[in-house]
Amino acid sequence: MSAEDTNTRAWHIYGQRQLARAYTPPVPARLGWTPWEGIGPGAEVLGEITRRRVLDIGSGAGHHAVHLAQAHGARVTGIELSPTQHERAVSAHVDVPNVEFVQADVTEYLAETEPFDAAYAIGTLAFIDPHRSLPALRDGLRPGAPLILSLLHTDLNGRGPSTDVAPREQTILLRDDPPLPTQMWVLTPQLWEDLLTEYSFRVEAIDLFRHPAENATVIQQLLRARRLPDQPARVSSIEAPCADRLRAQLIDHLVETGCVRTPRVEEAMRTVPRHLFLPNAPLVKAYGNAPVDTKFDGSGRSISCASQPEIVAMMLEQLDVQPGQKILELGAGSGFNAGVLGYLVGEKGHVTTIDVDEDIVAGARGGLAAASIHNVDVILGDGAVGHAPNAPYDRIEATVGAHGIPHAWLDQLAPGGRLLTPLRLRGSVSRSIAFENQDGAWRSVSSQMNTFMPLSKGIADDPRVFVPLDPDHTVTLVTNGDQKIDAGALIDIFRQPRTEAWTDVTFRGPESAEYLELWLTCSMPNGLSRMPAKSDAVEKGLVTAPYPSSTAVFEGGTLTYLTRRPYSKKAPDGATLYEFGVIGHGPDAEALASDVADQVRTWNQGFRTLDVAFEIQPLDATPLAPKPGRFTFDNPLNRIVIEWQ
């Protein structure tokens, strides 16, 4: 789960708890920038705001916005991502004149609205990646507009600010409730000033305010900044200077986070204009680090998208493209990835990309033409059969998910070639795996956690079945053809008897559990499945803190899912740890939850520190001898070996 997703979940639960208490904070008599009354300046730091448009970022219960409207005559928009926090504000202040409450992501909202005259955030901006929030605020404020930020400087544990632009673990505390883990950008004042300067703000003052209690450690910082007039305040059209700036900011972020590691990939992604492949998306969205949906099925479910830029970069690094090579891409999508591949292979190289949908092919061709990329052919056809007329290929990259490896992909690779594919290994668990032929065997040379839209309509079609688990369809089980499912037995499963099993296996907050997922999907008889749950399911108590990736194990009329809670002990360096547990429902819930918990402990004790290798074998290959940590699974096309070693 990303840092911002963790924060979104935490504030949703916080708002849910406050709604349950029916608690609405009073409208203050004076705007306060710290949690402590009477410390620091009031609303005067926003300047003259009478009848002016003011943005409250992370408006929560809405009491600050109401104060500014009633006491200072401002026209205030409170923007809040959490639906439960938004509900608190609307239920208490819906009729207050000159105040509107909007439930949305602030960066997306600012891309679509008129510039504001002022903006402020009381303790909230640190929950958003500054490389995402600050450029949006720059473009969403008029030149000269003030931006006032109250930010954490030193926390309850005495930890001071960081000198790196990276989130760290913090917690939200509320009465006797369990603490809510978050990821916050707690940065030094100088680092905040550097970031604000980078994104066209001038910092006018920085103040530090201490907790009034003598022995308390908490310190808040207050930054007063102003939007500089030397950049356009709004992105209103696809203009090259604006697109170039946004693209540069995105790639800077990908380099800083390690998604882009090599100079050639960096150069390609800085050069190829992604927005030309997404003509219907706003520039800010085209250059956001998120997938952009481009096609939907009849039920409104996305069936094609432009991949998240960090995933594009990760796979390009895995592919290791060289100038002059011939590349086959399976799944044209928007055409952007093919365009970047075309740049990487250069004038002497060539790219073939193939897709099964005519409209997607037409869109990819249009994007490539707009970007003046001429060494890419876009073919209408079944990607599972490759494209023999242009073979052999030095690299084959699938940008669609596959369960089995079509034989044509391996047959059309040149000697020494590399195949890169997001491979659905079992259940919902997938990895982006690069294979090379080593001594006659196709073995992995790298793998990364990754999931793509599955192949469809062809010989390697890998359909999914979505099984609703409650009458309101707030929780859905994602199943695949290699799993045995009795959908009728799981109807309204959460009303069945419930059990919990805790494992004593812990992870640090930002630590990935991807190899635990892989172990469970290999070791459990029916694999591991995704189980997306809407916020309503959490609010109603149907599910409790479900692990957001592949999480569910089901057998007959019984279902379990992974969950986490803060652990009773800290890590040696004081970091918060989170313990994995298993929640089960159904007639055999206790036994199945115990089995899953046992496998979590088995992985932790014997395999957590080992590497994992993957191999493609023909179905008629001599079976390997059984060995702890070695799993083999047959799909309709091949045998996949997964081994901890």
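Visitor: Is valine 505 buried or exposed?
Guide: In this predicted model, valine 505 belongs to strand β21 (residues 498-508). Its relative accessible area is 2%. The limit for a buried residue is under 20%, so valine 505 counts as buried.

Visitor: Which residues does valine 505 touch, not counting residues up to four places away in sequence?
Guide: Valine 505 and leucine 577 are 72 residues apart along the chain, with their C-alpha atoms separated by 9.6 Å. Beyond four places in sequence, the residues that valine 505 touches are Tyr578, Glu579, Phe580, Val600, Arg601, Asn604 and Arg608.

Visitor: Over the face of which residue does arginine 608 lie?
Guide: Arginine 608 is one of the residues touched by valine 505. Arginine 608 is placed 4.2 Å from the centre of a ring, over its face. That ring belongs to phenylalanine 507.

Visitor: With which residues is leucine 147 in contact, leaving aside its neighbours within four places in sequence?
Guide: With sequence neighbours within four places set aside, its contacts are Ile57, Ala119, Leu137, Leu141, Leu196, Phe201, Leu223, Arg224 and Ala225.

Visitor: Why is the pair of tyrosine 109 and phenylalanine 116 classed as it is?
Guide: The structure holds 13 aromatic pairs. In this one, the ring centres of tyrosine 109 and phenylalanine 116 are 6.5 Å apart and the planes stand at 40°. Both tyrosine 109 and phenylalanine 116 are buried. Because the angle between the planes is 40°, the pair is tilted.

Visitor: What is the angle between the planes of phenylalanine 631 and tryptophan 644?
Guide: Phenylalanine 631 in strand β27 (residues 630-634) and tryptophan 644 in strand β28 (residues 639-644) are 13 residues apart, and both are buried. Their rings form an edge-to-face pair, 6.0 Å centre to centre, with an angle between the planes of 80°.

Visitor: Which residues do ring pairs link into a cluster?
Guide: Phenylalanine 631 and tryptophan 644 form an aromatic pair. Both belong to a cluster joined by ring pairs, made up of Trp519, Phe607, Phe631, Phe633 and Trp644.

Definitions and conventions. Residues numbered from 1 in each chain as written. Predicted model: local features only at pLDDT ≥ 70, side-chain atom pairs only at ≥ 80, totals over all residues. Heavy atoms only, no water. Contact = heavy atoms within 4.5 Å. Phe/Tyr/Trp six-rings, centres within 6.5 Å; stacked < 30°, edge-to-face > 60°. Buried < 20%, exposed > 50% of the residue type's maximum accessible area, 1.4 Å probe, protein only. Helix = DSSP H or I, 4+ residues; strand = E, 2+ residues; numbered from the N terminus. Lys NZ or Arg CZ within 6 Å of the ring centre and 35° of its normal.
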